[in-house]
Amino acid sequence: MSGQIPEYASAIIIGGGVIGSSVAYHLAKLGWSDVVLLERNQFSCGTTWHAAGSIGTMRANESQAKLSEYSMAVLSELEAETGQSTGFKQVGSLTIAHSQARFEELKRVAAMNNAFGVTRVDIITPEEVKVIYPFLETGDLLGASWVEQDGIASPVDVTQAFVKGARGRGALCLEGVRVTGISQQNGRVSGVLADQGNIQADFVVNCAGLWGREIGKMAGVNVPLHACEHYYAHTEKLDDLPANLPVMRDPDRCAYYREDAGSLLVGSFELNAVPWGQNGIPLDFAFEEIEGHMDEQFMPVLEHAMERVPMLQKVGWRSFFCGPESFTPDGQFHMGEAPELKNFYVACGLNSTGVQTSGGLGRALADWMDLGHAPMDLWANDIRRMYPFQSTQHYIQNRVTETLGLGYDNHYPFKQMKTSRDLRHSPLHERLIAHNACFGEVAGWERPNWFAPAGVAPEYEYSFGKQNWFEYNAAEHRAARTGVVLFDQSSFAKYLVQGRDACQVLQRVSSANVDVEAGKLVYTHWLNERGGIEADLTVTRIAEDRFWVISGAGQAIKDLHWLNSHIGEDEFCCVSDITNAWAVLGVMGPGSRDLLTETLNHNMTTDAFAFGSFQPVELGMSCAYAARVSFVGELGWELYVPVEQAHHGFDLLWKRGESHGLRLAGIHTLDSCRIEKKFVHYGHDVADQDTPLECGMGFVCDFGKKIPFTGRDAILRQLESRGFMHKRLLQFLLQDPQVMLYHHEPILRDGEIVGQLTSGSYGHTLGGSVGLGYVKAENEVNQEYLESGSFEIDVGGDRISANASLKAMYDPGAQRMRG
């Protein structure tokens, strides 16, 4: 132990790897005093010490690109501040493609990252690759991406620099102190129990790496991650190997290469990994190697490497290494405040990106703790996206066998995970199987994405173009627009909010006025104090003191945490998750009224059943509810049926629907219809950094209601300053009907990048790919701005002309769903 255990700390960071040391440094840099970093063994042990140390800036979204950019920049700052070398060298990085799918992906990713404005990514020819990396066999290459600013660093030295910097700013960094428990009081963390003594604390941060799930369990916090075997090998020292040799990645062969102290390091991210530590990780595990499965897992990768870099056939090999690294269910690292325990934060599960993310992640988490909210859009990494079942041993040890290889797998649109499936089923699941549904997974739910015709296997054939289900989706889409379709929307998150103060709480949390008469449904946002959107959902009043809240399938943990956090200690309001109590059948399309009038024996006219109404109905023998609302932009109703009666309700609707031309439709059709209507999707089109004014939904804000909503002042300031006019969500329609949009494609106006798409799909009614995306400009983004410029969308380096609109191009007046 390298210091005395204190009695109190403002913040305790558990784990002295590169992430924990970065968090300690950045908290101290913010001016926090009494910061304590606890490492059970020695700094950088566990995983950090054997990381490859690649420093890359080409990432999957803008926030992660910014984190990586800062992670690189802070290395030179650390060296200047501490005198401790980080081993950073700017050598550049290559990612090669020898398949058409990989080359298409590289071009799309390059365009996306260039739109982020963080790094410059160039697509280069095989001849240019040969010049940059002369040892490479390039005869079969189609091209590559080249990032000149990328580099390599020493993971141990980076960690030591963070520790030295943290100490220099007043943090206490201790080795040889093992945390044995987490103390808590009144729903918030109060300190840690350790083998050297207990410490009281205001904040605790779980940066325990391989042990992150176990530390989470001590606190009653869900942290799904698991170790896998990870491999690399070193050649003998090579006299002709340049010290500035670029990092080279060959994702189609699961391999990466980098120079390391005169040797060439070859590592792998195999697609079918092997989990490790299923029975727990030994407490004394520190700098050990593990036996692994070298012949089965790594040798096939090495054989391909000898073909790609022929000189490897003639050199000796100094070492073959296998060590554990931790991976998460979706391949994204975890960060943020745990919903189960206030002031308990998480930063772990880095999926082999720890060193290149360390600086940015450490700063972002420190800012989060200091400000009380995320400093940027970090929903993709927010620990609240995870569900308890994802930490079960069976789930996580199977899932990580797939997630290890995600970084090097083809990132096709709509790519589905194969492992740890068939967990959460709608009560209609077997019925949908019988109708040839192809399922996708969200938050563990198996949801029908599309339906294959009889005789066609309901399986994806992935590509970046029009996939094999395109025409089936088109038929479902047309039926939704011209006839009547049935969606299974049972995966909606559903909450019952009740009690004497339920209305008061929801009025304060909701931007819209939800103090309406019973039987009314209200579309609203939940905003933070900055006016950013924390939730996009509906609130329905069931009775004076009872409400239903309906949200997206993936937002339940976040929504419940947000709502419960905003109930005052003296308020009587109870929140229950009733998701699993109700099936939801969405009956949508112009023919929905006729079908439901006949099936429900209920007056479905607008006079009797206006848009936004919620009424009890009889679906055969079932006592159900019908809500007149639509996410597809057509006349329609959502039927809420008790789960144990869902089969009866489905069968009755399907039988009655035969004479009305009823057909089943999947989630892809829900998406293609909603994007034509410019309806937003939380996590893509709106998040906590976007306001209702910016996304064109200021109508959800009721400034005159008696109980002011959270974020009201921020929205009023933005309204008065017209600041929202410089960032606005637009809808785009490609003029080339053959090109597909997905998300993150750059938006250009008069040849200059002005934004990027947040989501994309094919608009079968509009006749081309449709995208939503924010445009940012010095001038106001208004109709004149649109008409005075020409717009294009960069799709993998090809600029495709596009029409732009502030309003929905399909039924902008919403007459079809309200009429």
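Begin by selecting helix H5, residues 155-168, whose 14 residues reach 20 Å from the first C-alpha to the last, close to the 20 Å expected at 1.5 Å a residue. Keep in mind throughout that this is a predicted model. Colour the buried residues of H5, which are Pro155, Val158, Thr159, Ala161, Phe162, Val163, Gly165 and Ala166. If you then display what these buried residues pack against, you will find helix H1 (18-29), strand E2 (35-39), helix H2 (62-82), strand E9 (172-175) and helix H8 (354-371). Just after H5, stop at Gly170, which takes a positive phi of about 105°.

From the packing partners of H5, select H1. The end C-alpha atoms of H1 are 16 Å apart, which agrees with the 16 Å that its 12 residues should span at 1.5 Å a residue. This helix is mostly covered, with 11 of its 12 residues buried; the buried set consists of Val18, Ile19, Gly20, Ser21, Ser22, Val23, Ala24, Tyr25, His26, Leu27 and Ala28. Just after H1 comes Gly31, with a positive phi of about 100°.

Next, show the three strands that form an open sheet in the order E3-E8-E4, with antiparallel pairing. Strand E3 (54-55) and strand E4 (89-90) stand at the edges, and because each has a single partner strand, one side of each is left without a neighbour in the sheet. To inspect one of these pairings, select E4 together with strand E8 (residues 151-152), which pair in the antiparallel sense over two bridges; Gln90 has Gly151 in E8 as its bridge partner.

Now move to helix H16, residues 667-676, where 10 of its 10 residues are buried. Among them are the charged side chains of Asp671, Arg674 and Glu676, along with Ile667, Leu670 and Cys673. The buried residues of H16 pack against strand E23 (445-451), helix H11 (470-482), strand E24, strand E35 (727-734), strand E37 (752-763) and strand E38 (768-776). H16 is followed by Lys678, whose phi is positive, near 60°.

In E23, seven of its seven residues are buried, so that the strand counts as mostly covered. Select strand E21 (residues 424-425) beside E23, and the two pair in the parallel sense over two bridges, with His425 opposite Glu446 in E23. Strand E22 (residues 437-442), by contrast, pairs with E23 in the antiparallel sense over six bridges, and here Ala437 stands opposite Phe451 in E23. E22 and E23 form a hairpin with two residues between them, and in its turn Ala443 has a positive phi of about 55°.

Finish at Asp488, which is found in strand E24 (residues 485-488). Which side chain of opposite charge is nearest to this buried residue? That side chain is Lys494, 8.1 Å away, and Asp488 has no salt bridge, a term that requires a nitrogen-to-oxygen distance within 4 Å. Display instead the polar contacts of the Asp488 side chain: one of 2.7 Å to the side chain of Ser426, and one of 2.6 Å to the side chain of Ser490. Leaving aside residues up to four places away in sequence, Asp488 touches Ser426, Leu428, Leu432, Pro448 and Val584.

Key: Residues numbered from 1 in each chain as written. Predicted model: local features only at pLDDT ≥ 70, side-chain atom pairs only at ≥ 80, totals over all residues. Heavy atoms only, no water. Helix = DSSP H or I, 4+ residues; strand = E, 2+ residues; numbered from the N terminus. Buried < 20%, exposed > 50% of the residue type's maximum accessible area, 1.4 Å probe, protein only. Polar contact = N/O pair within 3.5 Å; in protein donor to acceptor, adjacent residues only side chain to side chain. Contact = heavy atoms within 4.5 Å. Expected span 1.5 Å × (residues − 1). Pairing = 2+ DSSP bridges.
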